[in-house]
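Hello,

Here is the structure you asked for. Please open it first, then read my notes below.

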Amino acid sequence: MAVNNRPVLPGFFPDPSICRAGEDFYLVNSSFEYLPGVPVHHSRDLLRWEHIGNVLDRDDQLTLPSGKGGSGIYAPTIRHHGGFFWMVTTNISQFGKGHLIVHADDPAGPWSTPVHTDGAVGIDPDLAWDLDGTCYLTWKSMWPVPGIVQAAIDPVTGTLLSEPRALWAGTGLAHPEGPHLHHREGWWYLVVAEGGTERGHAVSVARSRSISGPFETHPANPVLTHRSTDHPVQNTGHADLVELPSGEWAAVHLGVRPRGFSPMFHVNGRETFLVGVDWEDGWPVFAEDRYTAPEPDTGFEDDFGPSGLHPRWISPGAHPHGFTAPAGDGGVVITQHLLGVRARDDQWQADALVEGDARLVLRLDDRHRMSVEAHGDSLVARAVIGGLDDVLASMPLPRGPVRLCVRAVAAPQGPDHTGGPDQVELGHLGPDGFHRLGDLDGRYLSTEVAGGFTGRVVGVEPLTDVAVLRHFRYSPTLS
């Protein structure tokens, strides 16, 4: 069997959920502490995806504590029903309010002001409509009933129409979560994640003639996992199914691509992968060699023209529209916060033309980041790893406009090296190319070191109140 090791959405795009409307497919992902929340992608072929917007892009939809890792938006679900697109998710920063539900005519937005599901507390919510039109909310509950639970709901108001009841406890693996319900040929299929979102992650399935059970377990569970294998994609799980116009089926799921020496390290977060789905004896069988994702087109340049910020731009704990403004003669004015994008490749380079005291930051979280800083008449390479804050190197600021530059390059090889996933280099771009100022083993900006659920983000942050970003470039090619 061919090894499918290329994601359809590389970089920090975890917990995928997918739906179809006619010939069009729409995909959403978790965003955690970053705003705007819940990126939306569109495709016609399941292989090539365009980032068309973000669901929660206004203050009346979502506010978050600034830079608090592990906060924010957990696993969303997107569905198309009754002429509307529906998205349900959990803002873990407002856990006690239940899940939030929004809807829209157009998945590119605008989306409605959220309603909350008071009395349905947990994570990973799903929406499904029974054949009689009743809407059901299904989620991972911690109490009073643990496991996968369900209640009838009015999705317009968020009001529960029945008491939550246990639906399925999974197969016995840890942390049954991420439920999604799908109907096919008289059966309801409940697809869940199990085993935790680390190396033991897996997809399991149960089925019932009724949307509310009782559910019988797939005899071959787990139906998808790479645990205890040497497959280059690990942590596979959190799958969602979709029926194609042809009547065939496919699924998206998350995975990571760890690199380096044991225990291996992943740095760009949990990514979105695509597999085929066959049906045997009324059960789904995942066909991992069905699709081959094309080489992604991740590179871009942005001079921040009059059309406003592209939906790729994000910030921890703050909506970019609240701290940016067009610069009068081109570029964008940034006030106090980090304006960044997801790192998406094994090797890549980002550079920024800035005015004022500012830094180009590579961030996993506030306690795990590296930056090259233009401050006064100095250029400084800095690393923050846990409680350590260290200047790696400094030099006089070059004359003229300065392009700050961060690169992720192949890890050094040989007996004197420790086998990290890559090497992060900090410096600047001159007329003759990249000038390295400082570097560090990339494992210090990995999930295995820092913990959490996100991936690397690279962007610009003022060192004083305001800086101007004139031009930003991200490339999977090193100069």
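**What I found**

Strands β29 (residues 358-365) and β36 (residues 457-462) pair in the antiparallel sense, over six bridges. Two strands pair if DSSP finds at least two bridges between them. Strands (E, at least two residues) are DSSP runs, numbered from the N terminus. In β36, Pro 462 is the bridge partner of Ala 358.

A word on the source. This is a predicted model: local features need pLDDT of at least 70, side-chain atom pairs count only at pLDDT 80 or more, and totals for chains, interfaces and linings use all residues. Residues are numbered from 1 along each chain as its sequence is written, and side-chain values use heavy atoms, with hydrogens and water left out.

**The sheet**

Both strands belong to an open sheet of six. The order is β27-β36-β29-β30-β31-β32, with antiparallel pairing. β27 (339-342) and β32 (388-396) stand at the edges. Each has a single partner strand, so one side of each is left without a neighbour in the sheet. From one strand to the next, the twist averages 15 degrees. Angles run from 0 to 180 degrees between N-to-C directions, and axes are lines fitted to C-alpha atoms.

**The cores**

In soluble globular proteins, nonpolar side chains tend to be buried together. A nonpolar core is a set of buried Ala, Val, Leu, Ile, Met, Phe, Trp, Tyr and Cys residues joined through side-chain atoms within 4.5 Å. Buried means under 20% relative accessible area, exposed over 50%, and partly exposed in between (1.4 Å probe, protein chains only).

The largest nonpolar core here has 40 residues. Trp 348, Leu 360, Val 460, Leu 469 and Phe 472 touch the most other members. Apart from it lies another core, of 19 residues, including Ala 21, Val 28, Val 40 and Leu 100.

**A buried histidine**

His 428 is in strand β34 (residues 423-430). At 9% relative accessibility, His 428 counts as buried. Its contacts (heavy atoms within 4.5 Å) include Leu 379, Met 395, Phe 434 and His 435, not counting residues up to four places away in sequence.

**The cysteines**

How many disulfides are there? The count comes to zero. A disulfide is a pair of cysteine sulfur atoms within 2.5 Å. The sulfur of Cys 19 has its closest cysteine sulfur in Cys 135, 14 Å away, so they are too far for a bond. Cys 19 is buried, at 6% relative accessible area. Cys 135 is buried too, at 3%.

Best wishes

Technical notes. Helices (H or I, at least four residues) and strands (E, at least two) are DSSP runs, numbered from the N terminus.
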